Amino acid sequence: MPSTALSGIRVLDLSRILAAPLATQLLADLGAEVIKVERPGTGDDSRTYGPPFAPGTDTAAFYLSCNRNKRSATVNHATAEGQELIRALAARSDVLVENFRTGTLAKYGLDHESLRELNPRLVYLSVTGFGQTGPYAERPGYDGIFQAMSGMMSVSGHPEEPMKVGVSMVDILTGLYAATAVLAALRHRDATGEGQFIDLSLLDCGLASLSHFAMNYLVSGEVPRRRGNGGYGGIPSQAFMCEDKPIFLVAGNDKQFAAFCAAAGRADILQDPRFATTSARIAHREEILPMLEAILRTRTRDDWLAVLDEHDVPAGPYNEMPEVFADPQIRHREMLVEVEDPVSGLLPLLANPIRFAGTPVEGYTAPPALGEHTAEVLCGLVGVTEDRLLELRGRGVV
């Protein structure tokens, strides 16, 4: 049995910023060998997306979030010699991931059609804002734009103000879709011997992530309303202010709502036909929510969490970042790991959340410095001699 799930898979990563690098980091976590190809001198744009920067470096925390477990080689794809080096690496790879604007790499002979002639088994993933086809295919774009265009902002925020999700959610979801697509394409490749092209659009992924919100609209024709911290499931399903601090409380079915009423000492609420069933509570949302808000303000957050836990009612505290990483469950699950970095010393990283029984995710390495592995990759894999490497460096090719 291999020590990691993707042992023996080599990924050539030509991507920058977040969505595609997050996908290749996930593949690297799962055991793939990931070679990140960056521009000499500047590298991935996200290296400069700070402050904050890793201690003692000019490498932004943004870059660190999605580039661990990779090797970095610098190659200038705009030069003929650089293109040849990338072709040589692609010929020796199982997967290529890129997120250049549609049509850009075709100008350099690094598109799927060109590389398929060298390596028919290559899985080629292209992540773009709008996809390879359609009237917007050549437009640039960033996460906030796709949150706005996909409808995500229309269902996020308070009634009077649409709002983007705080994190770059479309990028993150696209990264997960991307990694899943690569794994499926590798399964197909192993069965047929043929690689394939994957066309992944951030706008498509943003829309797909609307899930039941989009489906509710398609079925009913009713435009979803923004409800702030309120959900669309059972009632209650939202944040409430306690005497001192907020909690998030969900009673997703009648049994859980009855348990909440018992915890609150308000069994009388269940006698009201407006609130006796999930459907009735949803229909009478505007009447029951003020009642629940008044009830929850009568005790402190910790008091409520204790009694709700006793009654098996789903609830959790609102946590700022220090509280998140101090939480005993988070600590038990070892979601914070530290790796050795030659400049910064111990570097904290978020752990991969997947827990395999047979092929565990372990042995994290720090995100690489720009070009840290150029000689190792080009001399070791492509056969570039040390003298040739020095010559290419002198001319800005690597």
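Predicted model: local features only at pLDDT ≥ 70, side-chain atom pairs only at ≥ 80, totals over all residues.
Residues are numbered from 1 along each chain as its sequence is written, and side-chain values use heavy atoms, with hydrogens and water left out.

**Overall make-up**

The protein has 16 helices and 13 strands, where helices (H or I, at least four residues) and strands (E, at least two) are DSSP runs numbered from the N terminus. Its C-alpha atoms fill a box of roughly 85 × 50 × 40 Å, taken along the principal axes. Of the 398 residues, 44% are buried; buried means under 20% relative accessible area, exposed over 50%, and partly exposed in between, with a 1.4 Å probe and protein chains only. Among the contacts (heavy atoms within 4.5 Å) with a separation of 6 or more, 66% come from residues 24 or more positions apart.

**The sheet of S9, S10 and S11**

Strands of a sheet pair through backbone hydrogen bonds, either parallel or antiparallel. Here three strands form an open sheet in the order S9-S10-S11, with antiparallel pairing; two strands count as paired if DSSP finds at least two bridges between them. S9 and S11 are the edge strands, each pairing on one side only, and the twist averages 25° from one strand to the next. Helix H11 (residues 285–296) packs on this sheet and touches S9 and S10, its direction making about 45° with that of S9; such angles run from 0 to 180 degrees between N-to-C directions, and axes are lines fitted to C-alpha atoms, for helices over the stretch in contact.

Strand S9 (residues 237–241) and strand S10 (residues 246–250) pair over five bridges, and a hairpin of four residues joins S9 to S10. Within this pairing, Gln238 has Leu249 of S10 as its bridge partner. S10 and S11 are joined by three bridges, and Phe248 has Gly316 of S11 as its bridge partner.

**The pair H9 and H12**

Helix H9 (residues 254–264) and helix H12 (residues 301–310) pack at an angle of about 130°, with their axes 9 Å apart. H9 and H12 are therefore oblique to each other, since angles under 35 degrees count as roughly parallel, over 145 as roughly antiparallel, 65 to 115 as roughly perpendicular and the rest as oblique. The contact involves Phe260, Ala263 and Ala264 of H9 together with Trp304, Val307 and Leu308 of H12.

Most residues other than glycine have a negative phi, and most peptide bonds are trans. The table lists the exceptions described here.

| Site | Feature | Value |
|---|---|---|
| Gly50 to Pro51 | cis peptide bond | omega near 5° |
| Ile235 to Pro236 | cis peptide bond | omega about 0° |
| Ser211 | positive phi | near 45° |
| Asp312 | positive phi | about 60° |

Pro51 lies in the loop between strand S2 (33–38) and helix H2 (61–64), whereas Pro236 is placed in the loop between helix H8 (211–220) and S9. Ser211 belongs to helix H8 and counts as partly exposed at 46% relative accessibility. Asp312 sits in the loop between H12 and strand S11 (315–317) and is exposed, with a relative accessible area of 63%.
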